[in-house]
Amino acid sequence: MSMDLTFLGTGSAYPSPHRGASALVLRTEGECWLFDCGEGTQTQLMKSQLKASRITKVFISHLHGDHLFGLPGLLCTVALNCSPSPAQAPACVDIYGPRGLRRFLRVALELSGSQLPFPYAVHELEPTADQCPPEGWPSPPPAASPADDRLHPQERPGRNIPLDPAEECYALLEDERFVVLAFRLFHRLPSFGFCVQERERPGRLKTQLLRDLGVKPGPIYGRLKNGETVTLESGRVVTPEEVLEEAIPGRKVCVLGDCSAPVGEAPLRLCRGADVLVHEATLADGHRERAVEHGHSTPGMAAAVARACRPRRLVLSHFSQRYRPPGLAKEGEGEDDVAELGRQAEEALRGTGVEVVLAEDFLTLPIPIKKPH
Ligand SMILES: [Zn+2]
Ligand SMILES: [Zn+2]
């Protein structure tokens with residue numbers, strides 16, 4: 001199954017002609033999952049190779065405008081989650097994000113008199129007070145918006161998802177292909193990271209061996225592949241272990257929202273060994289104090305996280321708009337060269353084998369299938 005990550009916006013604070021506001025898409029066969037939706041995401045989508053109609057799920061890391069202001073517009077003008085056959089009613093679009101997101105969308109859609117061509121549900125993560133400075137924590141904390149109270153006409157009841165205190169994470173969804181968890185980050189507003197873990201898949205069938213055993217291609221192949229033990233007409237018992245190659249490990253993609261630090265142990269644990277770790281690097285290491293003051297990270301700080309959890313690739317994104325994309329830097333702006341951010345992370349990761357990638361708008365990163373252990 002193919003899988004890739006496309007960056008639609010890699011700038012912090014606001015969209016500029018050089019960098020869109022935060023948004024990226026994880027694409028697997030037939031489905032697109034959108035992570036953050038800054039202002040202008042729908043135009044970025046149109047410029048990309050992706051089909052907005054394939055978006056089935058949206059994940060919002062935190063409620064700052066540069067990650068959220070594009071969402072009402074995207075929902076209103078793009079028919080998400082459309083089935084290829086027009087006769088079939090569109091399925092529900094699931095939106096995950098911090099508490100408050102349900103109310104934000106409801107008010108934006110209601111006051112603008114917007115109707116959507118598809119149903120949606122907002123599943124809210126309940127933050128904890130240690131995810132932000134006191135001024136970022138609304139007082140009194142907003143009550144969870146009732147999931148079923150005054151729903152927008154296209155809204156379906158969503159879940160309120162509390163922190164699992166034992167695992168220190170949030171269980172967002174589980175299906176036959178993926179498990180998606182969220183974890184806490186420290187920022188000026190409560191922020192979250194997302195861990196998408198693909199499930200391990202059974203290895204290939206040893207077809208020669210099956211033929212030797214006298215098993216003909218057919219439904220038995222499927223049963224064996226699904227882990228079932230099968231008894232042949234001859235009475236011979238065939239177990240999946242003897243006819244399947246080694247299982248194919250699942251891929252792991254971790255996307256972190258804005259942060260100056262992870263909260264608790266869970267983020268490093270969940271991101272361990274990720275194929276891709278997307279981490280913000282808003283300002284260069286020389287501006288560390290200012291970055292931290294605003295709840296942000298530098299390449300060195302992102303590298304420290306990567307050093308602890310050893311992803312295969314660390315992707316830096318969410319750059320201050322002062323860092324122009326390569327080729328667009330103005331004369332005499334040497335220190336604002338985005339390549340310098342990459343060098344700083346590489347320096348901090350020397351000897352670890354972690355590859356550093358600088359995200360750019362419209363960069364697509366394939367995530368290859370893993371080899372069996
Ligand atoms: Zn931001
Ligand atoms: Zn932010």
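Reader: What is a nonpolar core here?
Author: A nonpolar core is a set of buried Ala, Val, Leu, Ile, Met, Phe, Trp, Tyr and Cys residues joined through C-beta atoms within 7 Å. Buried means that 20 or more other C-beta atoms, placed from the backbone, lie within 10 Å of the residue's own; exposed means 12 or fewer, and partly exposed lies in between.

Reader: Which residues touch the most other members of the largest one?
Author: They are Cys254, Leu314, Leu316 and Ala345, in a core of 86 residues.

Reader: Before we go on, what sort of model and numbering is this?
Author: It is a predicted model, in which local features need pLDDT of at least 70 and side-chain atom pairs count only at pLDDT 80 or more, while totals for chains, interfaces and linings use all residues. Residues are numbered from 1 along each chain as its sequence is written, and chains are lettered from A and ligands numbered from 1 in the order in which they are written.

Reader: What is Leu316 in contact with?
Author: Beyond its neighbours within four places in sequence, Leu316 contacts His279, Ala281, Pro299, Ala302, Leu341, Gly342, Ala345, Val356, Leu358 and Ala359. A contact requires C-beta atoms, placed from the backbone, within 7 Å.

Reader: How many helices and strands does the chain have?
Author: The protein chain has 10 helices and 19 strands; these are DSSP runs numbered from the N terminus, with at least four residues of H or I for a helix and at least two of E for a strand.

Reader: And how is the chain divided into domains?
Author: Domain 1 takes in 3-200 + 248-328 + 335-360, and domain 2 covers 207-243, with bounds from an automatic or database assignment. Their C-alpha centres lie 44 Å apart. Across the protein chain, 42% of the 373 residues are buried.

Reader: Turning to H3, which of its residues are buried?
Author: Leu101, Arg102, Leu105 and Leu109 are buried in H3, which spans residues 101-111. Viewed down the axis, the buried residues of H3 fall within an arc of 100°, so they line one face of the helix; the arc is that of the directions from the helix axis to the C-beta atoms.

Reader: What is on the face turned away, then?
Author: That face of H3 carries Val107 and Leu111, both exposed. The buried residues of H3 are covered by elements including helix H2 (71-77), strand S5 (93-98) and strand S6 (120-125). Gly113 follows H3, with a positive phi near 60°.

Reader: S5 contains Pro98. Is that residue buried or exposed?
Author: Pro98 counts as buried because it has 24 C-beta neighbours inside 10 Å. Residues up to four places away aside, Pro98 touches His62, Leu63, Glu124, Leu125, Pro127, Pro190 and Phe192. Pro98 and Phe192 are 94 residues apart in sequence, yet 7.9 Å apart from C-alpha to C-alpha.

Reader: Last topic: in what sense do S1 and S2 pair?
Author: S1 (residues 3-9) and S2 (residues 23-28) pair in the antiparallel sense over six bridges, where pairing requires at least two DSSP bridges. Phe7 has Leu24 as its bridge partner in S2. S1 also pairs with S19 (residues 364-366), in the antiparallel sense over three bridges, and there Thr6 stands opposite Thr364. Five of the seven residues of S1 are buried.

Technical notes
Contact = placed C-beta atoms within 7 Å.
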